[in-house]
Amino acid sequence: MSTATLAVPAGKTAPSRSSLRRSRRWALFASYFFLILFAIFFLMPPYYMIVTALKSDAEMARLATNPWFIFDGVTLDQFRILLTQTDFLIFFKNTVIVTVGVVAITMVVSVLAAFALGRMRFWGSGILATGIFLTYLVPDTLLFIPMFQIVKSIGLLNSYWGMVLVYPTLTVPFCTWIMIGYFQS
């Protein structure tokens, strides 16, 4: 029996693991650097909103101070004004009612339709799934006037039910299409 040896020509060395580790280290460093920059860039607007909300009116009116910091102390006056002198709580209640209703209707209809279209094979299921996708592609602005006329004829203008029944027509096709892909996987 003979043993074969692998000879490396003089002057050429096999790549070392340390250079591989070094390049991975630099890639990790660069990715963290850009992630931190990305986070700072996208967290600046919420930070500025919070700082602005916690400032007094006098400090906001003074343009000589730095807008990114609070110098006169934290105050909750803006929140007191928002909750007592505006209709914010009524608007918030309306938003919660409509949102809960729309999400409930959308999820029930979308999950059932997507499960049937994604997991069950029946005649026309592919055509129906494509039809749902094409329905999603119709711009919402084309539907505003016809939907207004329908809601007006039913007598649901300026009511929760008018919005709760109209919004799912815009959300169900999208959610169904997304859920079809989920159920197929």
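**Figure 1. The lining of the largest pocket is made of 10 nonpolar and 3 polar residues, with no charged ones.** Here Ala, Val, Leu, Ile, Met, Phe, Trp, Tyr, Cys and Pro go down as nonpolar, Asp, Glu, Lys and Arg as charged, and the others, Gly among them, as polar. This is a predicted model, where local features need pLDDT of at least 70 and side-chain atom pairs count only at pLDDT 80 or more, while totals for chains, interfaces and linings use all residues. Residue numbers start from 1 along each chain as its sequence is written, and side-chain values rest on heavy atoms, with hydrogens and water left out. The pocket holds about 290 Å³ of space. Of its 13 lining residues, Val-151, Gly-162, Met-163, Val-166 and Tyr-167 lie nearest the centre. Two elements give two or more residues to the lining, helix H6 (144-154) and helix H7 (160-184), and H7 gives the most, with 5 residues. On a 1 Å grid over the protein atoms alone, a pocket is an open set of points where a 1.4 Å probe fits, with protein on both sides within 12 Å along at least five of seven lines, and lining residues have an atom within 4 Å of a point. Points are joined across faces, edges and corners, and the volume is the space filled by probe spheres set on them.

**Figure 2. Seven residues make up the largest nonpolar core.** The members are Ala-114, Leu-117, Ala-129, Ile-132, Met-179, Ile-180 and Phe-183. Buried means under 20% relative accessible area, exposed over 50%, and partly exposed in between (1.4 Å probe, protein chains only). Across the 185 residues of the protein, 15% count as buried.

**Figure 3. Ile-132 sits in helix H5.** Its relative accessible area is 17%, so Ile-132 is buried. Thr-176 is 44 residues away from Ile-132 in sequence, yet their C-alpha atoms are 7.6 Å apart in space.

**Figure 4. Arg-62 and Asp-72 form a salt bridge.** The closest N and O atoms of the pair are 2.2 Å apart; the definition asks for a side-chain nitrogen of Lys or Arg within 4 Å of a carboxyl oxygen of Asp or Glu. Both residues belong to the loop between helix H2 (57-61) and helix H3 (77-84), 10 residues apart. The structure holds 1 salt bridge. Arg-62 has 38% relative accessibility, so it counts as partly exposed, and Asp-72, at 44%, counts as partly exposed too.

**Figure 5. Asn-158 has a positive phi of about 55 degrees, although it is not a glycine.** Most residues other than glycine have a negative phi. Look for Asn-158 in the loop between H6 and H7. With a relative accessible area of 85%, Asn-158 is exposed.

**Figure 6. The protein has 7 helices and 0 strands.** Along the sequence the pattern reads α-α-α-α-α-α-α. Helices (H or I, at least four residues) and strands (E, at least two) are DSSP runs, numbered from the N terminus. Mean pLDDT (the predictor's confidence in each residue, from 0 to 100) is 86 for the protein, and 89% of its residues reach 70 or more.

How values were computed. Core = buried A, V, L, I, M, F, W, Y, C linked by side-chain atoms within 4.5 Å.
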